[in-house]
Every structure is written in C-alpha cells, then in structure tokens.
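Here are my notes on this model, as numbered points. Have the structure open while you go through them.

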Amino acid sequence: MVEKQNIISYGIRRLILINSGMYAFSVFPIDCPLSICGTNNSGKSTAINALQLLFLTDMRDMDFGKHENRDTRKFYFPHTSSYVLAEIRLEHGHFVIGATGGGPASSYSIQHFAYRGQFDREDYRDNGMPLELDQCLLGLQRKGVECVKLQPQELRNMLLGMPGENAFDITLVPLRGHRTRYIEAWVSVFKNLLHMRNVNSQDLKKLLLSIFDIHLVAGDIDFAAEYQRVTEQVNRIVRELETLKKMRPHVRKILEMHKNRQEYRGKLNAGYDEIQKRLKSWFLEYKNMKEQDERELEEIEPRRKNLILAREDAQKEISQLSGEKAKCKEWLNNFEKEKREFQLIKDVGILEVDIQTMQAQRDDIVKKIGNSEGVKPAQIEQQIFEEKQSLCKIEQNLKDWDQNLWNLLFEKFTQEELIQVFTLLNKELLRLPVDIEGGITVDDRGKLDEAIQACLEDIKDGVYCGQGVVVPLKKLDPVDPARFTNISQLEEEKQKREKNIEKLTNQLENAQHIEALKEQSRSLSKKIEKKQEFRNRFQKHVQQCREVEGKRKAHRKLETKVEECNARINKLHQQERDLDRQAENLKNGLKERESERQSIEQNHDKILPLPPEEPPGDPAMQSHQWPESMVETMEEYLHYWESKQSIEGAIQEQLDFIESIGGGIYLHDDENFCIESLAEADETVPQREELLKKNQKTSIVELGSTLKGLRDNYRRLEQEITKFNRAINRRTISNLTKLEMRLEPNKEVLDAIEEIVKVGVERLFCDEQKASRAAEYLYKWVKSQGRKLNLTHLFELCFVVFTNEGKEIVYHNLENIESHGTTITIKALVNMHMMGHLIDEGRRGTIRFPYYLDEASSIDPRNQATLIEQGMQMGFIPILASVKPQAEATYCVQVDSPPEGEKVIIDEQNWIELEKKRGSGRNEDSESNHNKSVTKTAR
C-alpha cells in the first residue's frame with residue numbers, strides 16, 4: 001500500500017478476507033478515505049459488514065439484514081480455512097485480530113484470535129494450500145509471534161480496554177468508562193456507522209439519551225408508587241372505593257336475585273297446597289275418560305273393515321269398467337286416425353283400378369323375365385355380331401349392285417357358265433365391285449375372259465377336270481343367280497336381318513337387366529299387397545263408419561259408470577280416513593293421558609313444600625294463577641323450585657366473589673343481614689368519593705420534590721442538545737446553512753410536572769386544585785402507559801434544517817428528508833459526534849474509526865468533502881461505496897462480480913491512488929476529479 005509519509009494514523013489499518021463469502025483473498029485499506037466501486041450486489045457491503053464479526057463479536061449485536069445467524073456464519077466461514085482479519089495499528093505496535101469458522105460439524109461456530117505483528121499472507125498458507133487456525137497459530141509461534149485464541153467476550157474486552165488478565169493491550173476503543181450502558185451505546189453507534197441506511201429518528205433518540213446520560217444521571221421514577229406513597233390515606237380510600245365500585249354491579253345483582261327469590265318462595269308456598277288439592281280430582285277424571293276412549297276405539301274397528309271390503313268391491317268394478325272403456329277409446333282413436341287417412345278416398349273402385357294397373361305392369365315384367373330365362377348374354381352378342389356382318393354384306397351388295405363382277409361378266413358369259421365357274425371358285429367374288437377402291441381391279445379384260453373361258457373348257461358334265469385334279473361341282477354349294485339378278489330378294493333379306501338384330505338386341509337387354517326386372521317385379525308385388533291391404537282397411541273403415549255412433553254412446557256410458565265408481569270409492573276413502581283419524585285421536589288421547597299420568601307420578605315425589613326455616617316469601621304471590629294442566633302446574637312448580645335453588649347458588653357465588661375482591665368486611669353469617677349491609681355500603685360511594693378528593697388536594701405538595709430532578713434533567717438535556725448542534729454546525733452541509741436537533745416536548749406531561757413542582761416551590765402562589773388535577777392526570781397517564789416515568793417520555797426528537805434561502809424545515813423522521821445525500825450526511829455527522837461523546841476525552845481524534853456510506857455518489861461533492869474533512873478531524877475514516885470511484889477518497893478498489901464458480905482476489909496491486917486535478921474547483925462533477933485508470937483483478 002502507498003502511504004502518505006506525513007500522516008500517522010492509529011486504528012484499523014487493513015481488512016483482510018480469506019476464503020470468505022465471495023472473496024478468495026482480498027485486502028482493503030481502511031486507514032484513509034477509501035472508494036469501493038462496483039455494480040450492485042458485487043460484494044461491497046459484504047466486505048465491510050465483516051467488521052462486525054471482529055468488533056461486535058456477539059452475533060446478537062450484529063446486523064446482517066434478513067439472514068439467519070447460522071446462514072451468515074456459513075457464508076463468511078464456509079471452510080475451516082476461512083478467515084476475516086483486521087490489522088490494527090496502535091501507538092505501541094501492530095496487531096492482527098481475526099475470526100475463523102468451525103465448519104459444518106460445529107454448525108459453523110466462530111473462533112476468535114489475536115497476535116502481535118503485521119499481516120503476512122504466507123502465515124495462512126503452506127505451498128499455496130490454505131491452513132486451518134491451529135496450523136496457522138503453530139507456525140506463528142515457531143516464528144516467535146505472540147498469539148492467543150479468544151472467546152468473543154474476551155476479544156471485546158481487550159478491544160475496549162477493560163481491565164483483566166489480557167494477553168496484550170489492543171485497546172482500540174478507549175471508552176470513558178466500562179459500564180454496561182457505555183458498551184451498549186458504543187455497539188449501537190458502531191453498527192450505525194456501518195449501516196447508515198438503517199438509522200432512524202427513534203434509534204438516534206435512544207442513543208442520545210444513553211450517551212448524554214453520562215452527564216445527566218436520571219433514573220426511572222415510579223410515579224404511580226410515589227403518588228400512592230405520599231397519599232396513603234388517599235390510597236386507602238381509593239382501594240375502598242375501588243372495592244365498592246367493583247362490588248357495585250355484584251351487589252345490585254344480589255339485590256335483584258334476592259327480590260326474585262322472595263317471589264319464588266311466595267309462589268311455592270301457594271303452589272304446594274294447590275297441587276295437593278287438584279291431584280285427587282285429576283286421577284278420577286283420568287280413569288273415566290280412559291274407559292270411555294277404549295270403548296269407542298273397540299267400536300271403530302268393525303266399521304272400518306266393512307268400509308275396506310266395500311272399497312275393494314268398488315275398486316274391482318272400476319278396474320273392469322276401465323278395461324272396457326280403454327278398449328272402446330282405443331277403437332275410437334283408431335277410427336279417427338283411419339278417418340284422417342281415408343278422407344281423400346271417395347270410392348273403393350279407384351283402389352281397384354290402381355291394383356289392376358300395377359298387376360298388368362307386373363305381368364309384363366314377368367313375361368320379359370320368362371323370355372330371358374336360360375339365355376346367355378355372350379351367345380346373343382355373338383349372334384348379333386354375325387347378323388350385323390351379314391347385314392353389312394347385304395348393304396354392300398345393294399350399294400354395288402350395278403357395278404359388281406357378276407354384271408361385268410354377264411355381258412360376256414351366260415348365267416349357266418358363270419354358275420359353273422364360280423361354284424368352283426369363290427362365289428363371293430361376284431359381289432365385289434369392279435374398279436372401285438376396296439373391290440376388284442381388272443387391268444386386262446381380254447385376259448380375264450380368256451381365263452374364265454379356259455376354266456369353262458375344263459368343265460364337262462358338271463365335273464372340273466384340271467391338271468391333276470377332278471372336282472365334282474355338284475358337291476359344292478351352287479351359286480344362286482337370283483342374288484345377282486333379283487334386287488328385291490336382297491332387300492327382303494336385309495329387312496329380315498335388321499329385325500333379327502333388333503330382336504336379339506332386346507333379348508340381350510332383357511338378359512342383362514334381368515335382376516333389375518326381378519327387383520322391379522318384387523317391388524310391384526309389395527305395392528300391390530300394400531294397396532290391397534289399404535283397400536281392405538278402407539272397406540273395413542266403411543263398415544266402421546256405420547258402427548261409430550254406437551261406440552261413442554257406449555264410451556260415454558262407461559265414463560259415467562267409472563265416475564260413479566270413483567265417487568263411491570272417494571266417499572268410502574273419506575269415511576275410512578275419518579274413522580282412522582277418530583281412532584288415532586283416541587289413541588293419542590290415551591297416550592297423552594298415560595304420559596301425563598306417568599309425568600304426574602314421576603313429579604309427585606319431587607313436589608316438596610318449603611322448609612319451615614325459610615321465609616314465606618312475597619305474600620303478593622299467593623294469588624298467582626297456575627296453569628289448568630296438572631302436568632304444567634307441577635312442571636312450573638318444579639321450575640320455580642329449581643330457579644330458587646339456582647338463585648341461592650348464584651347469590652352465594654356473588655358473595656364469595658365479593659369476599660375475594662376484598663369486600664369481606666361487609667359480609668355476615670346471617671344472609672339477610674349480609675344483604676342489607678351490602679346495600680348500605682353501596683349507598684356510601686358518593687360520600688367516599690368526596691372524601692377522596694379532599695385528601696388528594698392535601699397530598700400533592702410532597703410529589704413536587706420527586707419530579708423536580710426529572711424536570712431539571714430535561715432542561716440540562718436541552719443545554720447538551722444546544723452544544724451538540726453547535727458542534728455539528730461548524731461547517732456548512734451542502735445546500736443547508738444549519739442543521740439542528742430539537743426536543744419536541746410532550747407538552748401535557750411537562751406542563752403537569754411543572755404544575756406539580758410549582759406547588760412545592762411556590763406554595764403561596766400555586767393553584768392547588770390545578771396542581772391536583774395535574775397530579776391526577778400524570779398518575780392516570782403513567783398508569784395507562786403501564787411503565788415508570790423517565791426522561792424519554794418527556795419529548796420526541798426532530799431535525800430542523802435551514803436552507804440558503806432562510807427556509808426552516810422540520811422533520812420528525814429522517815426518512816422524510818427529500819435529499820438522500822443530505823439524509824446520509826446528517827446520519828453520519830450525528831453518529832460520529834455521538835461516538836466522540838463515548839470516547840475518553842483525552843484520546844478523541846487519535847484513533848481512527850471507519851464509517852460506511854452506501855451510494856456515496858448521491859452525496860453532493862461539496863457536502864462529501866465537508867463530511868470527510870469533519871470526520872477526519874474527529875477521527876473517522878470514510879468508506880465510500882458507489883458504482884464509480886469517488887474523487888474525495890485517497891484510494892479506490894474496484895469490486896467486480898466474478899464468473900460463476902470463481903471468487904474475487906484483491907491485493908495491494910489492485911489499489912488505485914486517486915489524485916485531484918490541480919486547479920479544479922469543488923463545483924466540478926465528481927467524475928472529472930479522478931484519473932482514468934483500470935482496476936486489476938487477479939482471479
């Protein structure tokens with residue numbers, strides 16, 4: 001670290017974290033203003049918060065936010081080789097204090113230690129491997145270094161310089177004294193300096209009182225007890241009044257219950273004689289009515305059976321009539337349905353014509369099917385093909401009739417000659433046309449004639465004798481000359497062929513559609529059947545038309561009979577129900593009277609007269625009207641008896657309660673006398689209240705001396721606050737010309753104290769009634785608070801700021817100040833001044849204490865410089881946390897979040913010394929007041 005040669009500071013020199021939190025190894029200089037910069041959650045606060053583990057030692061005094069203590073220990077000391085260290089520099093040398101963890105086996109417990117000397121990283125590792133505490137201390141001892149393990153309380157006592165058997169002197173916090181309140185105040189202020197954001201007005205109020213209590217010794221005053229002590233007679237009357245007031249509702253309850261009990265006693269006296277008198281007549285009446293009801297019940301059963309038999313007969317009759325009615329109704333419904341169906345049919349002859357037409361269609365189809373039976377479509381197709389070929393030839397012969405070969409040769413040869421030649425040859429040649437495309441071409445007519453003539457010469461007597469062959473012509477099909485000479489014959493043949501083709505085509509179509517014809521035949525048959533059935537139903541409907549009126553009359557007659565039967569059945573039902581109700585009423589009457597008899601017999605033994613020793617009760621109750629029912633009368637009597645017993649128990653409970661709350665002096669063995677005594681005591685309450693007021697007025701004087709010290713301490717506290725304000729306002733803070741802390745008095749309480757004190761000081765000029773009211777008010781106020789009276793109850797702390805424009809702004813809470821930077825500045829100055837009050841006056845300013853300012857960039861540069869300067873004068877070193885370096889700091893350390901799986905390493909090479917630009921004014925932006933540099937972070 002680069003140190004300025006002209007500054008020698010005592011206090012915490014360096015903070016070191018080894019394998020702790022997110023740091024693998026980090027060293028922070030905190031003996032001069034330090035700027036820690038980095039993004040949010042990069043670990044700035046994590047490092048500075050670690051100071052609590054060394055200087056507060058007890059985790060109950062520490063503040064790590066919402067984190068549990070075990071989670072905090074595990075975070076800072078995940079391994080047994082994890083350390084949080086601080087090197088401190090004192091007038092008599094350097095020391096190192098530290099804390100390490102015990103690992104998961106000990107729930108990450110913390111072990112503190114200290115040794116004389118400066119920090120050396122090599123003491124905590126061996127060949128690059130981290131050492132546990134025992135190995136580390138053993139190595140230090142081998143080097144002759146004085147070291148010791150410490151309990152948390154021991155380390156705190158050594159740091160605070162408390163007397164005892166300490167290994168060496170490491171007094172870093174020279175307090176004015178070592179009373180518990182001094183130590184608690186120091187812990188709170190030190191924690192505030194590290195957590196400035198968490199400080200609020202109430203915390204500062206408590207700390208101020210604790211700190212100034214060094215000069216203003218004023219303990220709690222049990223004003224309520226003192227008030228009661230000096231007004232013992234008043235207290236006695238108060239207790240009696242309180243007892244009577246507590247008793248009052250219970251006494252009035254007793255009086256009300258006693259009045260009710262007297263009424264019950266009067267009713268019971270009259271009721272017992274009434275019951276005894278009415279019992280005999282009731283039993284006689286009971287016997288007579290029971291016999292009469294039993295006789296009537298026996299007479300009902302035969303009548304009921306006769307009614308049941310008559311109803312069953314009527315039910316059978318109605319069942320029979322209902323069946324006949326249903327059949328008749330069904331016939332009429334069917335008739336109406338058929339009537340709607342046949343309403344368009346006028347005559348059955350129309351239906352007959354339709355049936356005959358469909359039968360003729362079916363017969364025609366059946367005939368077609370018969371003609372096609374046994375005929376194969378393929379054979380018919382072949383016949384059609386052959387017929388068409390023959391027809392084609394005939395049509396061609398007709399076309400070529402005048403130009404065929406026959407006509408050509410007939411010019412030269414006779415008919416007989418042509419017959420002979422072409423019987424031998426192919427006679428079809430004669431049909432072919434000559435010199436036409438597709439016919440015979442004659443190139444040389446003479447040679448054709450010669451060839452035919454030569455052939456004729458070889459034919460003798462109907463036999464062809466050629467070279468090596470003899471053909472009898474009669475064995476061959478002769479040529480029909482009519483086919484070439486008679487054209488009408490050829491035309492007839494053509495017509496015949498065409499008819500054959502048409503016939504065969506029809507046969508083919510029928511053969512191919514025979515299944516369709518069969519389906520058509522079946523469909524027609526079904527239609528014929530439906531039509532015939534429809535015709536038959538129509539004929540039946542015609543017959544029913546003649547019967548319908550008779551059916552309707554029969555249906556109406558049946559309906560009338562059914563209604564008569566239903567009426568008869570309903571009447572029988574009603575008679576039967578009447579008999580059932582009559583029987584049920586008789587049975588219920590018997591049951592009720594039997595139940596009443598049982599109740600009377602059960603209650604008879606319970607009906608007791610009042611004991612002779614009891615008072616007769618209210619005589620007005622002798623005329624009480626009892627119920628007509630014997631059972632109700634007895635039940636009412638028993639109810640009054642139980643109510644009387646209950647009231648007697650309740651009266652005794654109230655008397656016991658009155659005795660328990662201190663009213664035993666008003667109780668006596670005789671209950672009636674006791675009740676009278678309580679009533680008289682209750683009437684004395686107004687007189688006792690008047691007596692109390694008189695005694696209160698005479699006892700107020702003694703309270704003035706008790707409260708005078710408290711009032712004087714408040715006035716002296718106002719003086720200390722004035723001095724405190726002068727110390728804070730030695731320098732201007734940002735845009736504020738002045739800052740003051742004020743006491744906002746609890747005016748009513750203070751006025752009451754002043755009025756009471758005035759009675760003891762100015763007896764001749766005081767208003768005793770006013771003082772008495774003040775004492776009563778103060779007593780009630782203290783009682784309502786449920787606490788003793790002390791200085792904290794007399795005021796609330798508020799802050800007053802004065803702007804450059806002269807405007808005065810009062811804040812009852814620091815969080816309401818608009819400027820965050822101004823709020824932090826005020827908190828820091830107030831806490832530093834409070835720490836100064838705690839430190840021994842001769843050592844103030846010689847020991848440097850750190851304080852942490854989060855989001856330091858929100859503080860105005862001028863305000864920041866003033867705050868640092870004032871703090872340094874009082875012995876406080878700022879640690880400024882922000883995203884960017886702060887120009888007012890001496891050193892800057894850049895903290896960057898490491899990649900996942902790695903930890904931060906910061907050593908002296910990563911410290912950057914900041915130098916202000918010469919000639920730059922205080923008003924320039926803080927970013928322009930530091931040199932651009934790069935923070936080196938080793939990983």
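**Notes on the model**

1. Let's start with Asn41, which is exposed at a relative accessible area of 75%. For the wording used throughout, buried means under 20% relative accessible area, exposed means over 50%, and partly exposed is in between (1.4 Å probe, protein chains only). Asn41 sits in the loop between β3 (34-37) and α1 (44-49); helices (H or I, at least four residues) and strands (E, at least two) are DSSP runs, numbered from the N terminus. Its backbone is worth a look too: Asn41 isn't a glycine, yet its phi is positive, at about 65°. As background, most residues other than glycine have a negative phi.

2. Before going further, a word on the ground rules: this is a predicted model, local features need pLDDT of at least 70, side-chain atom pairs count only at pLDDT 80 or more, and totals for chains, interfaces and linings use all residues. Residues are numbered from 1 along each chain as its sequence is written, and side-chain values use heavy atoms, with hydrogens and water left out.

3. Ser107 is another non-glycine residue with a positive phi, near 60°. Look for Ser107 in the loop between β5 (93-101) and β6 (110-116). With 28% relative accessibility, Ser107 counts as partly exposed.

4. Now the overall picture. The chain has 26 helices and 20 strands, and 43% of its 939 residues are buried. Its accessible surface comes to about 52200 Å², with 47% of that belonging to carbon and sulfur atoms; the areas come from the Shrake-Rupley method with a 1.4 Å probe, and for residues only the protein chains shown count as cover. Of the contacts (heavy atoms within 4.5 Å) with a separation of 6 or more, 76% are between residues 24 or more positions apart.

5. How many salt bridges does a search of the whole structure find? It turns up 29, a salt bridge being a side-chain nitrogen of Lys or Arg within 4 Å of a carboxyl oxygen of Asp or Glu. In general, side chains of opposite charge can pair when their charged atoms come close.

6. Take Arg715 and Glu754, whose side chains meet in a salt bridge at 3.1 Å, N to O. This pair links distant parts of the chain: Arg715 belongs to helix α22 (residues 703-728) and Glu754 to helix α23 (residues 747-761), 39 residues apart. Arg715 is partly exposed at 39% relative accessibility, and Glu754 is partly exposed at 27%.

7. Arg742 and Glu808 also form a salt bridge, their closest N and O atoms being 3.1 Å apart.

8. Lys780 is exposed at 51% relative accessible area, whereas Glu776 is partly exposed at 28%. Elsewhere, salt bridges that share partners join Lys708, Arg711, Asp712, Arg715 and Glu754 into one network.

9. There's a negative surface patch to check, formed by Asp669, Asp670, Glu676, Glu680 and Glu683. Patches take residues with over 30% relative accessible area and no salt bridge, joining like charges within 9 Å and nonpolar side chains (Val, Leu, Ile, Met, Phe, Trp, Tyr) within 5 Å. Asp669 lies in the loop between α19 (630-663) and α20 (671-683) and is exposed, with a relative accessible area of 84%.

10. Is Thr72 buried or exposed? Thr72, in helix α3 (residues 69-76), is buried, with a relative accessible area of 5%. Leaving aside residues up to four places away in sequence, Thr72 touches Met59, Phe64 and His67.

11. Last, Glu596 in helix α18 (residues 548-604). Not counting residues up to four places away in sequence, Glu596 touches Trp282, Ser629, Met630 and Val631. Glu596 and Met630 are 34 residues apart in sequence and 8.3 Å apart in space, C-alpha to C-alpha.

Methods: Lys and Arg count as positive and Asp and Glu as negative; His and the chain ends are not counted. The place of a charge is taken as NZ of Lys, CZ of Arg, CG of Asp or CD of Glu.
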